[in-house]
Amino acid sequence: MIISRQKPFPEILAALQQTPRVFLVGCAKCATVCKSGGEEEVWQMQEALSAAGKEVSGSLIIDEACHMLRAGRDLRGKKEQVEEADALLVLACGAGVQSIAAASAKITVSGTDTLFLGNIRRFGQFEQRCSLCGNCLLTETAGICPVTLCPKGVLNGPCGGMDNGRCEVDAEAECAWFQIYELLKSQSRLERLATITPPKDFARMLKPGKLKIEK
Amino acid sequence: MISLQEKLESGTFVITAEVSPPKGCDCSEFLGKSRALSGLIDAINVTDNQGANMRIAPLAAAAILVREGIEPILQLTCRDRNRLALQSDLLGAAALGITNILALTGDHISCGDHRTGKPVFDLDSVQLLQTITGLSTGQDLAGNALEGVPLFYAGAAAAPQAEPFALTLFKLEKKVAAGARFFQTQAIFEPQRLQAFCAAVRPTGVKVIAGIFLLKSAGMARFVNKNIPGLTIPAELIAELEAATDPLATGVEIARRLATECRSCCDGVHIMAMGREELIPEITKELRQ
């Protein structure tokens, strides 16, 4: 799940300063779960913008805003309302915002900050576990990702700031390498910690990423 | 001049100290402190944007020491440089006559004065040590041949009091396997912990230089306990500082005592005098005997 958070309302309003008429776009997937751009948030945004003197020409919740063809098709379905607007305010992740920008010649305004690929701990509580590094080490690290859970992403054991299993950057957090150590110990596989992991191949995460599935 | 490496390898007890290079380009105070120490200690650690606080490049500061005939230990962290920058700094160091390198991962950028910067951590300390070892055989990390083979004496950091020790030991052994020839430890407040540490790493053949930290007051000790990961100052030492009429003199006495107690089990001491470098001779006066 892509975790996003709505930008503060004054910031959104400032971005819409030159555009009195606004069309709203939300997303039924991740942004709905994150409460940054679901039906409820789009409705609240419409109320807030109207109260701030903006004219909202219409709104749309796309099933997956990152789906470029679907985004284009859904926007065409609301053609008149979209045409009336000066800008499209998108409450979806950065991928969703760009589907909209690609599908419409109107000014696109992003109403969210996209934060990370997240696991859902419980309703409304998200945690980053994977950094999308393109070079998965989880088999070697007991299914716990040091690239993500360690703020320094160190690959060969804890840094000098670890003490009592805690992280130097966040004293509330358990050191990723302590977690790996505890799990490997319980599996009687501690010898895994003795192997040196070579420098990471960052060429595997060069931007922009592309994948085309061959048949 | 006998080098730090020659001293350690011949079994001479060494004393090193840390001097922070300036935030700015005026190195006069840095140089003054270093000159004052030069006859008393064997090498000076030049810190690398210590605590993630931006300062002059340690390569430049260390080169200034070499020019003065003072032997530096260049601290090099992975926080601010990717593998290209680390290697080019290492080659630059070799060209400037700097051989001692302390390879560190580095404090996180969120600890320092440029918190919005991008942390690099392209390599970790073990991989940096491997890189240094590779350069010393005439090859860069990509396997390309170098013009001129640099000579380095590489070391690493160790935290003997951090728990669980069994976990940190895995990493320490990797550091030695990757090319670390000496450890400079985090501050030691319980010499028996250093003894256990030395017994654990001794089979690898690595030299151990024990960190000695000058506690200037009970308040500072409490601050360290609260804010510096991996450092625990025992309550007895805090009480001793608390009861002192002259806390700084008592702090010097504690540091002197710890250094003397550590002497029997390690190969040297590394004094962190926290800006009071002029007190280092007082702390180390019994060690040379």
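Which residue with a positive phi follows H3(A)? In this predicted model, that residue is A:Gly53, with phi near 95°.

## Helix H3 of chain A

H3(A) covers residues 39-51. The helix has 13 residues and reaches 19 Å from its first C-alpha to its last. That is close to the 18 Å expected at 1.5 Å a residue.

Four residues of H3(A) are buried: A:Glu41, A:Val42, A:Met45 and A:Leu49. Seen down the helix axis, the buried residues fall within an arc of 100°, so they line one face of H3(A). On the other side, A:Glu39, A:Trp43 and A:Ala51 are exposed.

Several elements of chain A cover the buried residues of H3(A). Among them are strands E1 (2-6), E2 (21-27), E3 (55-62) and E4 (87-91). Helices H1 (9-15) and H2 (30-33) are also included.

## Strand E5 of chain B

E5(B) spans residues 153-158. Five of its six residues are buried, so the strand is largely enclosed by the rest of the structure.

E5(B) pairs with E4(B), residues 100-104, through four bridges. These two strands run parallel. Within this pairing, B:Leu102 has B:Gly155 of E5(B) as its bridge partner. Four bridges also join E5(B) to E6(B), residues 182-187, and this pair is parallel. Here B:Ala158 is partnered by B:Thr185 of E6(B).

## Crossovers around E5

E4(B), helix H5(B) (residues 125-136) and E5(B) form a right-handed β-α-β unit. E5(B), helix H6(B) (residues 165-178) and E6(B) form a right-handed β-α-β unit.

Conventions
Residues numbered from 1 in each chain as written. Chains lettered and ligands numbered in written order. Predicted model: local features only at pLDDT ≥ 70, side-chain atom pairs only at ≥ 80, totals over all residues. Heavy atoms only, no water. Buried < 20%, exposed > 50% of the residue type's maximum accessible area, 1.4 Å probe, protein only. Pairing = 2+ DSSP bridges. Right-handed = clockwise from strand over helix to strand, strands pointing away. Expected span 1.5 Å × (residues − 1). Arc of directions from axis to C-beta. Contact = heavy atoms within 4.5 Å.
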